[in-house]
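Let's go through this one by asking what each label rests on. Have the coordinates open as you read.

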Amino acid sequence: MQPRNMSMSGVVDLAAVKAAGEAKAKAEQTRAEAARQGGPAAVPASSLVIDVDEAGFENDVLQRSAEVPVVIDFWAEWCEPCKQLGPLLERLAHEYNGRFLLAKVDVDANQMLMQQFGIQGIPAVFAVVAGQALPLFQGAAPEAQIRQTLDQLIQVGEERFGLTGIAVDPAAGEPAQAPAPVPPGPYDSLLEAAAQALDANDFPGAVQAYKNVLSDDPANTEARLGLAQAELLARVQQTDPQKVRQEAAEKPADVDAQLAAADLDLVGGHVEDAFGRLVDTVRRTFGDDRDRVRLRLLDLFEVIGPEDPRVGAARTALARVLF
């Protein structure tokens, strides 16, 4: 989504931050003040990942976002995908070594923050850059996708707001390495059942079978790809292609019509047309509609695969529209 000012009524006051220009000026003022005081102090590596609540949100997130992009991980103890995503984000925060901070928000203990950010499901990951909130992604995304998103975020922070990160004190030492997790699985029988359902055009059955795998192993690449394919085929199974394309041509502002046409484009092998249609729709939409189209586009990326150069080109186009 586009950077937006967060009105955190009852939690924080961002009335002074009304546009990206004002946010940039505020960030520059903060850095200038730090320079007059001898420059920002280096932080220990342990400070790269922090727990944040409603009371400390303004100081720990909003004010820090004038120095460095702050990535917010909304999680809960009962959320299984959160247990996969959280440690990955923490590892990346240390690996990026001060290019961003990771703020973890327990939604059960901070319901107001969850409501103000419009969180519909967890894990959900946002960023705040110079007081501007950016939705990044929802769910346990693959590491390669997360790295690409973080790189884009850091680039935006540097180019638009002059945020170059914070210094990390090497004397504080490296964080203790957690033991390598035991890989879950195997899931050969479940994946075989899903593939058989897919071959038999039992798309609801295939969807459920792949979800059974992902409920235990959210990062399972084969299951994620299979689920994206099964859901795509289920969506187009009962559609009338001629009607779908006619509605998409006659109603360019109709989000549902464009989503349906993009599905048909992809199934028909017109990959670049599908991606271009949804990127254009993201450009024309706002709020929940924009987020819905963005998530569908990410689903279609899963179908084609991250290594495909058409996916890389579409991701770049999407980033230009979002940021």
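Buried means under 20% relative accessible area, exposed means over 50%, and partly exposed lies in between (1.4 Å probe, protein chains only). By that cut-off, buried residues make up 46% of the 323 residues in the protein. This is a predicted model, so local features need pLDDT of at least 70 and side-chain atom pairs count only at pLDDT 80 or more, while totals for chains, interfaces and linings use all residues. Residues are numbered from 1 along each chain as its sequence is written, and side-chain values use heavy atoms, leaving out hydrogens and water.

Q: What makes Asp263 count as buried?
A: Its relative accessibility is 3%, and the cut-off for buried is under 20%, so Asp263 is buried. Asp263 sits in helix α10 (residues 255-267); helices here are DSSP runs of H or I with at least four residues, strands are runs of E with at least two, and both are numbered from the N terminus. Contact means heavy atoms within 4.5 Å. Setting aside neighbours within four places in sequence, Asp263 touches Leu232, Arg235, Val236, Arg296 and Leu300.

Q: How do you know that the peptide bond joining Ile122 and Pro123 is cis?
A: Look at omega, which is about 0° for this bond. Pro123 is in the loop between α4 (111-116) and β6 (124-129).

Q: What makes β6 and β7 a pair?
A: Two strands pair if DSSP finds at least two bridges between them. Six bridges join β6 to β7, so the antiparallel strands qualify.

Q: Why is β7 described as mostly covered?
A: Six of the seven residues in β7 (residues 132-138) are buried.

Q: What makes a group of residues a nonpolar core, and which residues have the most contacts inside the largest one?
A: A nonpolar core is a set of buried Ala, Val, Leu, Ile, Met, Phe, Trp, Tyr and Cys residues joined through side-chain atoms within 4.5 Å. The largest has 29 residues, and those with the most contacts inside it are Phe57, Val61, Ile72, Phe74, Phe117, Ile119 and Ile122. The largest share of this core, four residues, comes from β4. A second, separate core of 28 residues includes Ala261, Val282, Val311 and Leu318.

Q: How do you know that residues 1-21 call for caution?
A: pLDDT is the predictor's confidence in each residue, from 0 to 100, and it stays under 50 over residues 1-21. Where pLDDT is low, the predicted coordinates should not be read in detail. The protein averages a pLDDT of 81, and 81% of the residues score at least 70.
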